[in-house]
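Please work through each task before reading its solution.

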Amino acid sequence: LKSGARPRRPRLTPARSARATVRRRRGLPSARAMASDADTVLVVPAEDPATALDAAQAELSAAGLAGDDRLKALSSIKVADMLSLSGKAQDAINQANAALESCEDLKLDVGRGAALGVIARICAAHGGTEDDVELGFDSAQDALRLFRKLKEPKGEAMSLWSMAQMEVSFGKGKRAVDLSKEAMAIFQELGDAAAETAACETIADAYVTTREPRKAAQALSRAAAIQAAQGNKLKEAACLHRLARVWLQADDDGQAAEALAKARGLYKELRDSKAEAAVLATQKEMHLGAGRFADAVGAAKEVVSLYNRAGDKAEEGRGLLRIAELFLENNDTEKAMKMISFAHTVLQEAHNMEAMNELSEMFGAVRHAQAKQEMHRAIEANADFIHVPAKMVVDPGFNKRIQESWKEATKTGVF
C-alpha cells in the first residue's frame, strides 16, 4: 500500500514523561464528548459496504459544509473503513492517514485509536508487503494500548478484532480465533449485534485458515442467528450464503443446500435479484462438483428466468452465456451455439457493449471447438487411408469439407 509518509503513530510507552502526557492531554474533550466520539466512529456497519459508504460520505460532506472539524475527522475514518470494504485500498489508506493526522491535531484520542484500527484492517485486507505487515500490527497494537488506557471497552474490542484480522491475513488462525472471541465477548456485553456478527465472521475466516470448516460453519451459524434475531434479513442471508460455501468445503452438500435454500428465500423476499443470482451460481457449482450436470444447467436457467422477470436484459443475456459455457465444457457445441443465439437476441435489446463483447468471445470459443470436432471426425473417418494416430492434428487439406470449414473459421476470426 502506497501511503506516502508513514502515519504518525505516537506509542503509549512508560518512557513518555508524566509532564509530556499532561501536556498532550491539555485541552482534551470531556468524558461525555469522548463517549460521543466513540458512538460516532466505533461502528461496524449493519448494512452492505456500498450503502454504508454512501452514508459516511454524506456525513463527511455535511460536516464540511457545517465547518465541524471534529465530525469531519471522525466521518473521514468511517469513509476510509468503507472504502476498504468496497475494495478501494489506496483511497482507503490515504483517507485513513489524513483522518489520523486530523485527530492528532484536534486531540481526539478516540478518533486516533479508531483511525489506527482502520489502518490495521486495511493492511489486513489489502496489504502484502513486509511494510504493510509492520504497519498493520503496529497500528492495531497502538490502538489497543490507547483504548485500554482510555478505558473504552468498545474501542478495545474493535482493536482486538482488527488484530484478529491481521492474524488471519498472515495465516495465524489459532491466534485470530482467541482475539476474535475476546472481542466478541465485549461486543456481546455491549449489545452490539453488528460487531458481534463481524467477530463471528472473523472466527469463521480463521477456522478456514486452519482447515476446520465445520468449526467455521458453527461460527457462521451463530452470526446468521444473531442477525435473524435483529431482523436484518439482508445480513442474515449473506451469512447463510457464506455458511453454504463453508459447508461445501466440508463436503457436506446436504447442509450447503439447506443454507442456500434459506439464503435464496430471504433474497427473494427482499427482491434482491443480484444476490439471489449469486446464490444460484453457488448452487450451480455445488451440482457441478457432485457431477450433476443437468441440475447445474437447471440452476443456470433459473438465473436467466430471474433476470427475465426483473427486466434486466443485460444480465439475462449473460445468464444465457453462462449456460453456453456449461454446454461447451460438456463438449455439446450444438446446444452451446443455440444458447449464444438466444443471448444475441436478448442482448440486442440491452444495448450493452460489454455484454456483447462477452458474447463475441463465447461465439469464437464455440466456433473454435466446432472446427476441432470437425477435424477430428474427418481424421477418424479417414484413419485407414492417412495412417496416422487419431489424436494427431494433420493438414486438413486432404478433405474438401475440412478445407471449406477452415476457410470459414479463418474469415470469422476464430483462428
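A residue counts as buried under 20% relative accessible area, as exposed over 50%, and as partly exposed in between. The model is a predicted one.

**Exercise 1.** Determine which parts of the chain the salt bridge between Glu182 and Arg148 links, and classify the accessibility of Arg148.

*Solution.* The side chains of Glu182 and Arg148 form a salt bridge with an N to O distance of 3.5 Å. Glu182 belongs to helix α9 (residues 173-190) and Arg148 to helix α7 (residues 130-150), so that the pair links distant parts of the chain, 34 residues apart. Arg148 has a relative accessibility of 39% and is therefore partly exposed, and Glu182, at 36%, is likewise partly exposed.

**Exercise 2.** Decide whether Glu196 is buried or exposed, and find the helix that holds its partner Arg222.

*Solution.* In the salt bridge between Glu196 and Arg222, the closest N and O atoms are 3.0 Å apart. Because Glu196 lies in helix α10 (residues 193-209) and Arg222 in helix α11 (residues 213-230), the pair ties together parts that are 26 residues apart in sequence. Glu196 is buried, with a relative accessibility of 10%, whereas Arg222, at 33%, is partly exposed.

**Exercise 3.** Describe the salt bridge between Arg264 and Glu276.

*Solution.* The closest N and O atoms of Arg264 and Glu276 are 2.9 Å apart. Arg264 is in helix α13 (residues 253-270) and Glu276 in helix α14 (residues 273-289), twelve residues apart, and both residues are buried. Elsewhere, salt bridges with shared partners join Glu315, Arg318, Arg322, Glu325, Glu354 and Glu358 into one network.

Note on methods: Residues are numbered from 1 along each chain as its sequence is written. This is a predicted model: local features need pLDDT of at least 70, side-chain atom pairs count only at pLDDT 80 or more; totals for chains, interfaces and linings use all residues. Side-chain values use heavy atoms; hydrogens and water are left out. A salt bridge is a side-chain nitrogen of Lys or Arg within 4 Å of a carboxyl oxygen of Asp or Glu. Helices (H or I, at least four residues) and strands (E, at least two) are DSSP runs, numbered from the N terminus. Buried means under 20% relative accessible area, exposed over 50%, partly exposed in between (1.4 Å probe, protein chains only).
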